[in-house]
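The sequence and structure come first, and the notes follow by topic.

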Amino acid sequence: MLAVEGLTVVRGQNTVVENVSFKICAGTDTAIVGPNGAGKSTLVQAILGILPHQSGQVQVLGTPLSTTGWLPMGCRQHIAYLPQNFLVDRRIPVTVGELVGLGWGGREWEIPWLKLPQRRRAVHQALARVNASHLYHQSIGHLSGGEIKRVLLAYCLVFPRRLLILDEAPAGLDVRGEADFYDLLYQLKREEDWAILQISHDLDMVRRHCDQVLCLNRRLLCQGTPDVALAPETLALAYGTEFVQYRHTH
Ligand SMILES: Nc1ncnc2c1ncn2[C@@H]1O[C@H](COP(=O)(O)OP(=O)(O)OP(=O)(O)O)[C@@H](O)[C@H]1O
């Protein structure tokens, strides 16, 4: 689904991601962990083509991403991305139904109203999956932080895609919302074969839910199953020995 080979990304004067290589397959959930400033968001943004990369290769579904971040539309539409923060002018007069509907679209150019009933049905289904049907007519300016997260997730799900990239996605969700969120991710990977790549600081969640872990601190320190990649030695490399001792004594 995604192949990254020797990826290096420079921001300003600094190399913040260096020579990173990994692959992710359909039907799996991969976590990127590492301390603040480790380059996790930068790595994801380079994979998405939001940031250019200086060297290395990224292939999405076998199609190469250019160094400037260009990917053919037919391939890009298989990727859904939920960012860490969603900054929007709350005065924009857009309803939840309209926002989620923007994520629905076919490959080719179409007359917008041609498939209106299909789009409406898809929007309702996506909102139902994230328990947000009641927000359909709500203006996006009136949503709480957790509600915005649910609506953005519906935006990702409204069209069938294959790769879901999440940057600390459940932050802001309540306890029930978080549990539902991980159930939904499990469903997407098991029943619909989505590949999931998620940045997380919640190591316990990563142990419970993820199949593969990438431990990053500018370079990839370790990759493997949670048991391997979150072993005390790797955590000590990433976060320092004091942190690992602290976790052991609590
Ligand atoms: N716009 C920018 N220009 C230059 N350097 C930047 C920019 N944004 C981030 N950086 C630097 O890039 C490095 C990696 O940042 P990044 O946001 O990718 O880390 P992160 O692992 O996602 O951190 P966190 O866990 O805190 O979200 C940091 O040293 C940061 O200061």
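This is a predicted model: local features need pLDDT of at least 70, side-chain atom pairs count only at pLDDT 80 or more; totals for chains, interfaces and linings use all residues.

Residues are numbered from 1 along each chain as its sequence is written. Helices (H or I, at least four residues) and strands (E, at least two) are DSSP runs, numbered from the N terminus.

**Strand 3 and its neighbours**

- Aspartate 29 stands opposite isoleucine 196 in strand 8.
- Strand 3 is also joined to strand 9 by four bridges, and these two strands run parallel.
- In that pairing, threonine 30 stands opposite glutamine 212 in strand 9.
- Five of the five residues of strand 3 are buried, so this strand is largely enclosed by the rest of the structure; a residue is buried if 20 or more other C-beta atoms lie within 10 Å of its own, exposed if 12 or fewer, and partly exposed in between, with C-beta atoms placed from the backbone.
- In a regular strand, side chains alternate between the two faces of the sheet.
- In strand 3, Asp29, Ala31 and Val33 point one way, Thr30 and Ile32 point the other way, and all are buried.

- Six strands form an open sheet in the order 6-7-8-3-9-10, with mixed pairing; two strands pair if DSSP finds at least two bridges between them.
- Strand 6 and strand 10 (219–224) are the edge strands, each pairing on one side only.
- Neighbouring strands of this sheet are turned by 15° against each other on average, direction ignored; the axes are lines fitted to C-alpha atoms, for helices over the stretch in contact, and angles run from 0 to 180 degrees between N-to-C directions.
- Strand 9 (residues 212–217) and strand 10 pair in the antiparallel sense over five bridges, and leucine 216 stands opposite leucine 220 in strand 10.
- The hairpin of strand 9 and strand 10 has one residue between the strands, and arginine 218 there takes a positive phi near 70°.

- Strand 7 (residues 163–167) has five of its five residues buried, so the strand is largely enclosed by the rest of the structure.
- Leu163, Ile165 and Asp167 point one way from strand 7, Leu164 and Leu166 point the other way, and all are buried.
- On one pairing, strand 7 meets strand 6 (residues 79–82) in the parallel sense over four bridges, and isoleucine 79 stands opposite leucine 163.
- Strand 7 also pairs with strand 8 (residues 195–199) in the parallel sense, over five bridges; the bridge partner of isoleucine 165 in strand 8 is leucine 197.
- Strand 7, helix 6 and strand 8 make a right-handed β-α-β unit; a crossover is right-handed if, with the strands pointing away from the viewer, the path from the first strand over the helix to the second runs clockwise.
- The 18 residues of helix 6 (residues 175–192) should span 26 Å at 1.5 Å a residue, and the end C-alpha atoms are 25 Å apart, which agrees; the expected span is 1.5 Å times one less than the number of residues.
- Glutamate 192 is found in helix 6 and is partly exposed, with 13 other C-beta atoms within 10 Å.
- Just after helix 6, aspartate 193 takes a positive phi of about 65°.

- Four strands form an open sheet in the order 2-1-4-5, with antiparallel pairing.
- Its edge strands are strand 2 (14–24) and strand 5 (63–64), each pairing on one side only.
- Strand 4 (residues 55–60) and strand 5 run antiparallel and are joined by two bridges, with valine 60 opposite threonine 63 in strand 5.

- The residues around the ligand are Arg11, Gly12, Val16, Gly34, Asn36, Gly37, Ala38, Gly39, Lys40, Ser41 and Thr42; a residue is near a molecule or strand if its C-beta atom, placed from the backbone, lies within 6 Å of it.
- This shell divides into two nonpolar, seven polar and two charged residues; Ala, Val, Leu, Ile, Met, Phe, Trp, Tyr, Cys and Pro count as nonpolar, Asp, Glu, Lys and Arg as charged, and the others, Gly among them, as polar.
- Helix 1 (residues 40–48) gives the most to the shell, with three residues.
- Helix 1 is mostly covered, with eight of its nine residues buried.
- Glycine 49 follows helix 1 and has a positive phi, near 80°.
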